[in-house]
Amino acid sequence: MLIVVSPAKSLDLESALTTRRSTLPRYLDQAEELVQIMATRSTAQLREMMGISEELAVLNQDRYRSFEWPFTPANARPAALTFNGAVYQAMAPRTFDQRDWTEAGKTLRILSGLYGILRPLDLIQPYRLEMGVRVANHRGPDLYSFWRPRLTRAVAEDLASSPGARVIVNLASAEYSRAVDLEGLSQRFAAGNASVPGLAARVVSPRFEDRDQSGRWRVISFSAKRARGLMAGWLVRQRVRSARGITRFDLGGYRYVPEMSTGGIPVFRNLG
């Protein structure tokens, strides 16, 4: 079973690391290619491309022009301890023990506009590059054309070597999950198609709902991000190995609602 999550814009570059272990991203050559492209962009171009402030454009221009190769623990930090948005605060990887880190290395993957796909302890240097940003490259007009074939195969390969059932738990945002052909993987799995070895998987995309101010159940962005992080951390700590096991999730007030769910979209509501 493989858990897929998005990265975060917020980064923690100061806190003490809670493990000495680290690994290297598999697509550093491709990341370097993108860094070289981004390093040529002016602050005005970065501001327009990313929809960010002048201050953030200056910061990220400096970051792209200051990348150091090769990556080492002296110039880079583990991804799961660097991303610091709502998903990661709820996931709380700082509380992982060494066995949890081993499990996360087998079952947790982070999609990234710059690095493609990351294991939790893969070293990264600070950056900002959302998957939806249009960056022209030799493969096409955007990052989806650059990454999608690679990431689809990488996810399938990592799933094949992960423990448990052949299930992808998609906890990534729509922006990032589009970077993997999850529909193709799922369709081949449903059809029992083995014509492309490994490229088939059951895809489960949990949906987290809260009541809005009018009392209606709907997905509320910040709450859903937190819930995705809670589930990702729970799946790692509990060593969940099946789609059925996902339905036991009960953190943050969320409970599985079978009558609102389908096999591919289990619904969890915050019942308090």
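Glu-103 belongs to helix α5, residues 98-107; helices (H or I, at least four residues) and strands (E, at least two) are DSSP runs, numbered from the N terminus. Leaving aside residues up to four places away in sequence, Glu-103 is in contact with Val-236, Arg-239 and Arg-241, contact being heavy atoms within 4.5 Å.

The structure is a predicted model, in which local features need pLDDT of at least 70 and side-chain atom pairs count only at pLDDT 80 or more, while totals for chains, interfaces and linings use all residues. Residues are numbered from 1 along each chain as its sequence is written, and side-chain values use heavy atoms, with hydrogens and water left out.

Strand β3 (residues 108-112) is largely enclosed by the rest of the structure, because five of its five residues are buried. Leu-108, Ile-110 and Ser-112 point one way from β3, whereas Arg-109 and Leu-111 point the other way. Two strands count as paired if DSSP finds at least two bridges between them. With strand β1 (residues 2-5), β3 forms a parallel pairing over three bridges, and here Val-5 stands opposite Ile-110. With strand β4 (residues 116-118), β3 runs antiparallel, again through three bridges; Ser-112 faces Gly-116 in this pair, and a hairpin of three residues connects β3 to β4.

Elsewhere, four strands make an open sheet with mixed pairing, in the order β9-β8-β11-β10. β9 (217-218) and β10 (254-256) each have a single partner strand, so one side of each is left without a neighbour in the sheet. The pairing of β10 with strand β11 (residues 267-270) is antiparallel and has three bridges, with Asn-270 of β11 as the bridge partner of Tyr-254.

In soluble globular proteins, nonpolar side chains tend to be buried together. A nonpolar core is a set of buried Ala, Val, Leu, Ile, Met, Phe, Trp, Tyr and Cys residues joined through side-chain atoms within 4.5 Å. The largest such core here has 84 residues, of which Leu-114, Tyr-115, Leu-129 and Leu-235 touch the most other members. Helix α6 (residues 143-161) gives this core its largest share, nine residues. Beyond four places in sequence, the contacts of Tyr-115 include Phe-67, Phe-71, Tyr-127 and Trp-147.

Finally, there are pockets to explore. On a 1 Å grid over the protein atoms alone, a pocket is an open set of points where a 1.4 Å probe fits, with protein on both sides within 12 Å along at least five of seven lines, and lining residues have an atom within 4 Å of a point. The largest pocket has a volume of about 400 Å³, a volume being the space filled by probe spheres set on the points, which are joined across faces, edges and corners. Its lining has 19 residues, and Ser-6, Pro-7, Ala-8, Lys-9 and Lys-225 are the closest to the centre. The second largest pocket holds about 200 Å³ of space. Among its 13 lining residues, Ala-172, Pro-206, Arg-207, Val-219 and Arg-228 are the closest to its centre. β8 (207-211) and α9 each supply at least two residues of this second lining.

Note on methods
Buried means under 20% relative accessible area, exposed over 50%, partly exposed in between (1.4 Å probe, protein chains only).
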